[in-house]
Amino acid sequence: MRNGFCFDMTACIGCRTCQVACKDKNDLEMGVIFRRLSDFEVGEYPAVQTYHYSGSCNHCEKPECVAACPNAAMYIDEEDGTVQHDDEKCIGCQYCVKACPYGVPQHIESIQKTHKCDGCIELRANGEQPACVAACPMRALEFGPIDELRAAHPDAVNAVAILPEPKTEPSIAIVAKPAALEPDPVSALM
């Protein structure tokens, strides 16, 4: 079984509660973010549209971070298919940081290790949802078996214009706004 996230862009209001909940749960230092909410604009006046994208680790089926790690510190959990990180094996080389096409792994300077979203594996082991999912006031995020999420959201896609081509087979389902499928957003906002 492969677990992953579903992000409903049509429900997201851009409040960044998911980002804050993740940062708080993981006690991340300034400048380190595992889930990032970004705002985008497409079109030209007077037909400008905006959309938000909440992204973190896509827990890919063919993760480039795992392939690049020389010490097997990045690995796929055999039970739930998520991409995990082992601090004991991490040598801080940052190969995973450079390999991930989504820019997910974060090198934490103070400990000289790389970390990333682990899908809140400890919370899930206790029957809870990932912090970002539980915190979202609009219920724009879901986590679970990716096949079930895709079946529940048959119109979902696994990429939008701002993401790289999904050659890593990301475990994500995005209920996209039409604007997010248009190429070349005019600008990324704060």
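The legends below describe an overview and several close-up views of a predicted model.

**Figure 1. Overview of the chain, with its six helices and ten strands.** The chain has a radius of gyration of 16 Å, close to the 16 Å that the globule rule gives for 190 residues, so it is as compact as a globular protein of that length. Along the principal axes, the C-alpha trace spans about 55 × 30 × 30 Å. Of the 190 residues in the chain, 47% are buried. Among contacts with a separation of 6 or more, 58% are between residues 24 or more positions apart.

**Figure 2. Surface and charged side chains of the chain.** The accessible surface amounts to about 9800 Å², and carbon and sulfur atoms supply 52% of that area. There are 28 negative side chains and 16 positive ones. The centres of these two sets lie 2 Å apart.

**Figure 3. The hairpin of strands β2 and β3.** Strand β2 covers residues 36-42 and strand β3 covers residues 49-55. The two strands run antiparallel and are joined by seven bridges. Within this pairing, F40 stands opposite Y51 of β3. Six residues lie between the two strands, and in this turn G43 has a positive phi of about 90°.

**Figure 4. The cis peptide bond between Y45 and P46.** P46 is found in the loop between β2 and β3. The bond that joins Y45 to P46 has an omega of about 10°. Most peptide bonds, in general, are trans.

Figure 5. Y51 has a relative accessible area of 0%; because buried means under 20%, Y51 counts as buried. The residue opposite Y51 is F40. C96 is 45 residues from Y51 along the chain, and the C-alpha atoms of Y51 and C96 are separated by 29 Å.

**Figure 6. D27 in the loop between α1 and β2.** Helix α1 covers residues 17-25, and D27 is placed in the loop between α1 and β2. The phi of D27 is positive, at about 50°, although D27 is not a glycine. Most residues other than glycine have a negative phi. The relative accessibility of D27 is 70%; because exposed means over 50%, D27 counts as exposed.

**Figure 7. E169 in the loop between α6 and β9.** This loop lies between helix α6 (146-152) and strand β9 (172-175). E169 is a residue other than glycine with a positive phi, near 55°.

**Figure 8. Strand β9 and its pairing with strand β1.** Strand β1, residues 3-8, pairs with β9 in the parallel sense over four bridges. D8 stands opposite V175 of β9. The side chains of I172 and I174 point one way from β9, whereas those of A173 and V175 point the other way. All four of these residues, I172, A173, I174 and V175, are buried.

Note on methods:
Residues numbered from 1 in each chain as written. Predicted model: local features only at pLDDT ≥ 70, side-chain atom pairs only at ≥ 80, totals over all residues. Heavy atoms only, no water. Pairing = 2+ DSSP bridges. Rg over C-alpha atoms; globule rule 2.2 N^0.38 Å. Buried < 20%, exposed > 50% of the residue type's maximum accessible area, 1.4 Å probe, protein only. Contact = heavy atoms within 4.5 Å. Areas by Shrake-Rupley, 256 points an atom, 1.4 Å probe, with all protein chains shown as cover. Lys, Arg positive; Asp, Glu negative; His and termini not counted. Charge placed at Lys NZ, Arg CZ, Asp CG, Glu CD.
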